[in-house]
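Me: I would like to learn how to read the features of a model such as this one, step by step. Could you take me through the sheets, the packing and the surroundings of single residues?

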Amino acid sequence: MKVIIVKDAVAGGKQGFQVFKDALENGAKVFGLATGSTPVSTYDEITSSDLDFSKVTSVNLDEYVGLGADHPQSYNYFMHEHFFNKKPFAQSYLPDGLNKDAAAETKRYDQVIADNPIDLGILGLGRNGHIGFNEPGTAFDSGTHEVKLTESTIAANARFFENEEEVPKLAYSMGIGSILKDKQILLEAYGAEKADAVKGMIEGPVTTDLPASALQNHDNVIVIIDEAAASKLSKKY
Ligand SMILES: N[C@@H]1[C@@H](O)[C@H](O)[C@@H](COP(=O)(O)O)O[C@@H]1O
């Protein structure tokens with residue numbers, strides 16, 4: 001893992017932008033995209049630049065079950081607000097949160113991923129070490145699956161909803177096995193509340209208890225973290 005420590009998320013966004021720019025210039029055709037507050041500074045840099053994504057494809061990590069593209073808290077809505085409305089891709093794929101048939105939807109999405117192998121995938125990091133919505137305990141060879149969100153994830157994500165009751169309890173997520181097939185992975189994490197997960201991801205044992213530790217098994221990972229998120233690491237990087 002290449003670890004880059006920056007002052008804050010704004011500085012991280014500039015580094016993240018550079019990773020996207022390099023990938024595009026090196027011929028990347030498919031970008032794996034994430035939601036959450038973490039990638040916003042990178043997306044802001046990208047959408048205010050002259051990078052052109054109109055001939056490439058995006059494949060998102062996850063979506064809440066039950067929320068459609070017009071729901072302001074859906075990940076589809078988020079992606080349009082923060083990225084696609086300003087920088088459209090040739091095609092953009094997300095799991096369909098309105099498809100109640102989990103078996104059909106996860107199968108469909110696995111086919112999307114198989115047809116569009118990801119060159120660069122961006123990830124955020126849950127406080128409990130989740131990536132996408134792969135909660136602790138998820139197998140490292142998993143494909144797309146329906147996830148029952150943990151209490152801690154529901155509580156963490158409640159800040160975007162009117163109250164905790166409104167947070168969906170289920171999500172569709174790309175699996176860890178699929179994420180590990182990305183040719184290159186960029187993970188960003190900011191803030192002291194991510195410090196334990198960051199330490200486990202970089203220095204801890206590779207264990208399904210901390211999904212992001214699976215990234216130690218990948219040979220092309222760039223981690224961008226701020227000083228607060230890096231504060232529990234045992235050495236300088
Ligand atoms: N499914 C998303 C993840 O993809 C994201 O990485 C995580 C962290 O969110 P944030 O970046 O807002 O801290 O939250 C959600 O659970």
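Predicted model: local features only at pLDDT ≥ 70, side-chain atom pairs only at ≥ 80, totals over all residues.

Me: In what order do the 7 strands of the open sheet stand?

Reply: Strands of a sheet pair through backbone hydrogen bonds, either parallel or antiparallel. Helices (H or I, at least four residues) and strands (E, at least two) are DSSP runs numbered from the N terminus, and two strands pair if DSSP finds at least two bridges between them. Here the order is β1-β10-β9-β6-β2-β3-β5, and the pairing is parallel. Because β1 (2-6) and β5 (91-93) each have a single partner strand, they stand at the edges, with one side of each left without a neighbour in the sheet. Neighbouring strands of this sheet are turned by 15 degrees against each other on average, direction ignored; for such angles, axes are lines fitted to C-alpha atoms, for helices over the stretch in contact, and the values run from 0 to 180 degrees between N-to-C directions.

Me: How many bridges join β6 to β9, and which residue of β9 does I122 stand opposite?

Reply: The parallel pairing of β6 with β9 rests on 4 bridges, and I122 stands opposite L186. Strand β2 (residues 30-33) pairs with β6 (residues 120-123) in the parallel sense over 2 bridges, with G121 in β6 as the bridge partner of G32. The parallel pair of β2 and β3 has 4 bridges, and there the bridge partner of F31 is S58 in β3.

Me: Which way do the residues of β2 point, and are they buried or exposed?

Reply: A residue is buried if 20 or more other C-beta atoms, placed from the backbone, lie within 10 Å of its own, exposed if 12 or fewer, and partly exposed in between. In β2, V30 and G32 point one way and F31 and L33 the other, and all are buried. In β6, L120 and I122 point one way while G121 and L123 point the other way, all of them buried. Strand β3 (residues 57-60) likewise has T57 and V59 on one side and S58 and N60 on the other, and all are buried.

Me: What is the order of the sheet of 3 strands?

Reply: This open sheet has the order β4-β8-β7, with antiparallel pairing. Its edges are β4 (62-64) and β7 (145-148), each with a single partner strand, so one side of each is left without a neighbour in the sheet. The twist averages 25 degrees from one strand to the next. The antiparallel strands β4 and β8 (residues 170-173) are joined by 3 bridges, and the bridge partner of E63 in β8 is Y172.

Me: What covers the buried residues of α2?

Reply: In helix α2 (residues 40-47), the residues S41, T42, Y43, E45 and I46 are buried, and what covers the buried residues of this helix includes α1, α3 (75-84), β6 and β9.

Me: Which residues have the most contacts inside the largest nonpolar core?

Reply: In soluble globular proteins, nonpolar side chains tend to be buried together. A nonpolar core is a set of buried Ala, Val, Leu, Ile, Met, Phe, Trp, Tyr and Cys residues joined through C-beta atoms within 7 Å. The largest one here has 54 residues, and those with the most contacts inside it are L125, L187, V198, M201, A212 and I225. Contact means that the C-beta atoms of two residues, placed from the backbone, lie within 7 Å; not counting residues up to four places away in sequence, I225 touches I5, A189, Y190, V198 and A230.

Me: How many residues surround the ligand?

Reply: A residue is near a molecule if its C-beta atom, placed from the backbone, lies within 6 Å of it. By that criterion 14 residues surround the ligand, the closest being G36, S37, T38, G124 and F133.

Me: Where is A28 found, and where does G191 lie?

Reply: A28 is found in the loop between α1 and β2, and counts as partly exposed because 18 C-beta neighbours are inside 10 Å. Leaving aside neighbours within four places in sequence, A28 is in contact with A23, V56, D119 and L120. G191 lies in the loop between β9 and α7 (195-203) and is in contact with A228 and A229, again leaving aside neighbours within four places in sequence.

Definitions and conventions: Residues numbered from 1 in each chain as written.
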